[in-house]
Amino acid sequence: MTPPPPQLSASILNADFARLGDEVRRADAGGVDSIHLDVMDGHFVDNLTMGPVVTGAVRGHSSLPFHAHLMIDRPLAYVDRFAEAGSDLIVFHVEAADEPGAVLDAIEASGRRPGIALNPETGADAVLPWLDRVDLVLVMTVHPGWGGQAFMTEVLPKLAAVRAAVDRTGRRIEVGVDGGVNASTIATAHAAGGSVLVVGSALYSTDGDLAPTVAALRAAAAVPAQTHDERT
Ligand code: DX5
Ligand code: ZN
């Protein structure tokens, strides 16, 4: 069965931070489906990016769903602040210090939608116990911390395993793919089961109107990809 067309989510990490509101509007006008905010604390990953203040500052520039991708050690302490700042979906890492069940309780209590992410080296088994409580599983296809890295094809079998596990639940759970998604890798990520595809440098490396870039990425995603076995 051909999977439905994927959603495109704009990662603003590679946008021009000197005019972040404009950059959010540019992605919105370009036709993406959501805005992806990469939150880094300098501990969980070796980079410091944005927090609830920046999230709130750009919230008024688009009515698209905001996906807060929390690459932080202590998500529990920040769930309410990202909810109040206008995040619609709050995604935390299963490798974070806080117990996932407690973080999910807090996200549910905040009235926002929960998501769980896993790093490339983390097995799919780590998120399976939480599938009945999340709206999205975010599969990292780069080691988190920076935009512009190469897509890790070795993660594809795990992505397919996460997709299969999600389908077995019968629930509507999105499978996100984050890192190195571009016109060359998007079809493979989609064919392996990705339904929400995060694009950063592949989008913001374009000046001006982003609509042609978004259309090109959507077209590339629709191309039947060689399966993993055909490539190897
Ligand atoms: C990396 C972030 C990604 C990244 C995506 O840690 O989670 O969202 O910004 O950027 P590209 O698409 O350039 O890999
Ligand atoms: Zn991200």
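Modeller: Let us begin with the term itself. Donors are N, O and S atoms within 2.8 Å of the metal, and water is not among the atoms, so sites may look incomplete. Please bear in mind that this is a predicted model. Here the donors of the zinc ion (ligand 2) follow the spacing H-x1-D-x30-H-x108-D along the chain.

Biologist: Why does the pair D38 and H69 tie together separate parts of the chain?

Modeller: D38 belongs to strand β2 (residues 34-40) and H69 to strand β3, so the pair joins parts that are 31 residues apart in sequence. Both D38 and H69 are buried.

Biologist: Which residues coordinate the zinc ion (ligand 2), and through which atoms?

Modeller: The zinc ion (ligand 2) is held by H36 through NE2, D38 through OD, H69 through ND1 and D178 through OD, at 2.0 to 2.3 Å.

Biologist: What geometry does the site of the zinc ion (ligand 2) have?

Modeller: The general idea is to compare the angles among the donors: six count as octahedral if opposite donors are over 155 degrees apart and all others between 65 and 115. In this structure the site has six donor atoms with angles of 73 to 171°, and it is octahedral.

Biologist: Let us turn to charged side chains. How many salt bridges are there?

Modeller: A salt bridge is a side-chain nitrogen of Lys or Arg within 4 Å of a carboxyl oxygen of Asp or Glu. By this rule the model contains 13 salt bridges. One network of salt bridges links D16, R19, E23 and R26.

Biologist: Where do R26 and E23 lie, and how far apart are they in the chain?

Modeller: Both are in helix α1 (residues 20-30), three residues apart, which is about one turn of the helix. R26 and E23 are both buried.

Biologist: Which residue forms a salt bridge with D135?

Modeller: D135 pairs with R171, the closest N and O atoms being 3.6 Å apart. This pair links distant parts of the chain, 36 residues apart: D135 is in the loop between β5 (113-118) and β6, and R171 is in the loop between α5 (156-169) and β7 (174-178). D135 counts as buried at 18% relative accessibility, and R171 counts as partly exposed at 33%.

Biologist: Finally, how many cavities of 30 Å³ or more are there?

Modeller: A cavity is a set of points where a 1.4 Å probe fits but cannot get out. The count comes to one cavity of 30 Å³ or more. The largest cavity holds about 40 Å³ of space. Its lining consists of H36, H67, H69, L89, V91, L136, L138, V196 and V198. The elements giving two or more residues to that lining are β3 (66-71), β4 (89-93), β6 (136-140) and β8 (196-199). The lining residues divide into six nonpolar, three polar and no charged.

Technical notes:
Residues numbered from 1 in each chain as written. Chains lettered and ligands numbered in written order. Predicted model: local features only at pLDDT ≥ 70, side-chain atom pairs only at ≥ 80, totals over all residues. Heavy atoms only, no water. 1 Å grid on protein atoms, 1.4 Å probe; cavity = no way out; pocket = protein on both sides within 12 Å on 5 of 7 lines; lining within 4 Å. Points joined across faces, edges and corners; volume = space filled by probe spheres on them. Helix = DSSP H or I, 4+ residues; strand = E, 2+ residues; numbered from the N terminus. Nonpolar A, V, L, I, M, F, W, Y, C, P; charged D, E, K, R; others polar. Donors = N, O, S within 2.8 Å, 3.2 Å for Na, K, Ca; no water. Tetrahedral: all angles 85-135°; square planar, octahedral: opposite > 155°, others 65-115°. Buried < 20%, exposed > 50% of the residue type's maximum accessible area, 1.4 Å probe, protein only.
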